[in-house]
Amino acid sequence: MKIRYLHTMVRVLDLDKSMAFYALLGLKETRRYESEQGRFTLIFMAPEGQEDCPVELTWNWDGDAGLPSDSRHFGHLAYEVEDIYAMCQHLMDNGVTINRPPRDGRMAFVRSPDNVSIELLQAGGALAPAEPWVSMENTGHW
């Protein structure tokens with residue numbers, strides 16, 4: 001029996017804010033579906049050249065009182081990055097909290113505006129430990 005990965009879905013409270021966050025990670029909108037009858041919008045975003053591996057942002061037009069809440073989400077989304085230090089600095093420069101800094105030069109965690117945990121992994125081997133990351137404490141949870 002064959003199986004094929006399609007996408008990962010996360011519910012979002014503020015579509016524009018969530019799209020801006022995923023754009024900071026380098027994802028671009030690849031597809032959009034709006035349902036007037038169902039009163040929802042689906043936005044598919046993926047890294048360039050990886051359009052077959054999107055995250056689906058589901059936005060309910062009438063709101064979603066359960067968001068942001070950990071109970072509405074699952075473990076995490078994971079993305080491999082070219083330079084974990086540069087990505088974390090880019091995210092911090094744009095107001096994103098680094099919940100688990102890349103002290104090991106290999107792994108970091110952040111959270112989306114809707115409290116979805118995002119794991120960032122260094123492509124290839126870990127980078128040499130460097131400041132300010134080595135001394136940076138965890139913030140919150142991931």
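Thr8 has Val55 as its bridge partner in β4. The model is a predicted one: local features need pLDDT of at least 70, side-chain atom pairs count only at pLDDT 80 or more, and totals for chains, interfaces and linings use all residues. Residues are numbered from 1 along each chain as its sequence is written, and side-chain values use heavy atoms, with hydrogens and water left out. Helices (H or I, at least four residues) and strands (E, at least two) are DSSP runs, numbered from the N terminus. Two strands pair if DSSP finds at least two bridges between them.

Strands β1 and β4 (residues 55–60) run parallel and are joined by five bridges. Both belong to an open sheet of four strands, in the order β1-β4-β3-β2, with mixed pairing. At the edges stand β1 (8–12) and β2 (27–35), each of which pairs on one side only. On average, neighbouring strands of this sheet are turned by 25° against each other, direction ignored. For such angles, axes are lines fitted to C-alpha atoms, for helices over the stretch in contact, and angles run from 0 to 180 degrees between N-to-C directions.

Strand β3 (residues 40–47) is joined to β2 by eight bridges, and the two run antiparallel. Together, β2 and β3 form a hairpin with four residues between them. In the turn, Arg39 has a positive phi of about 60°. Ser35 stands opposite Phe40 in β3. Leu27 has Pro47 as its bridge partner in β3. Strand β3 also pairs with β4, in the antiparallel sense, over six bridges. Here Phe44 stands opposite Glu56 in β4. Burial was assigned from relative accessible area: buried means under 20%, exposed over 50%, and partly exposed in between (1.4 Å probe, protein chains only). Strand β3 is mostly covered, with seven of its eight residues buried.

Phe44 has a charged neighbour as well. Arg31 lies over the face of the Phe44 ring, at 3.8 Å from the ring centre. A charge sits over a ring if NZ of Lys or CZ of Arg is within 6 Å of the ring centre and within 35 degrees of the ring normal.

Aromatic pairs came next. A pair of aromatic rings is described by the distance of the centres and the angle of the planes. Rings of Phe, Tyr and Trp (its six-membered ring) pair if their centres lie within 6.5 Å; planes under 30 degrees apart count as stacked, over 60 as edge-to-face and the rest as tilted. By this rule there are three aromatic pairs. One of them joins Tyr33 and Phe40, with ring centres 6.0 Å apart and planes at 45°, so this pair is tilted. Tyr33 is partly exposed, at 45% relative accessible area. Phe40 is partly exposed too, at 22%. Tyr85 and Trp133 form a stacked pair, 6.1 Å centre to centre with 0° between the planes. Tyr85 lies in helix α2 (residues 84–93) and Trp133 in the segment after β8, so the pair ties together parts that are 48 residues apart in sequence. Tyr85 is buried, with a relative accessible area of 13%. Trp133 is buried as well, at 4%.

Helix α1 (residues 15–24) has several buried residues: Leu15, Ser18, Met19, Phe21, Tyr22 and Leu24. At its start, a side-chain oxygen of Asp14 reaches to within 3.2 Å of the backbone nitrogen of Asp16. Just after α1, Gly26 takes a positive phi of about 105°.

Contact means heavy atoms within 4.5 Å. Leaving aside neighbours within four places in sequence, Ser112 is in contact with Phe21, Tyr22 and Ile118. Ser112 lies in the loop between β7 (107–111) and β8 (117–122). At 6% relative accessibility, Ser112 counts as buried.

Glu119 lies in strand β8. Glu119 is buried, with a relative accessible area of 10%. Leaving aside neighbours within four places in sequence, the contacts of Glu119 are His76, Leu77, Ala78, Tyr79, Met107, Ala108 and Phe109. Tyr79 is 40 residues away from Glu119 along the chain, yet their C-alpha atoms are separated by 6.3 Å. The side chains of Glu119 and His76 are joined by a polar contact of 2.9 Å. A polar contact is a pair of N or O atoms within 3.5 Å; within protein, one must be able to donate a hydrogen and the other to accept it, and residues adjacent in sequence count only if both atoms are side-chain atoms.
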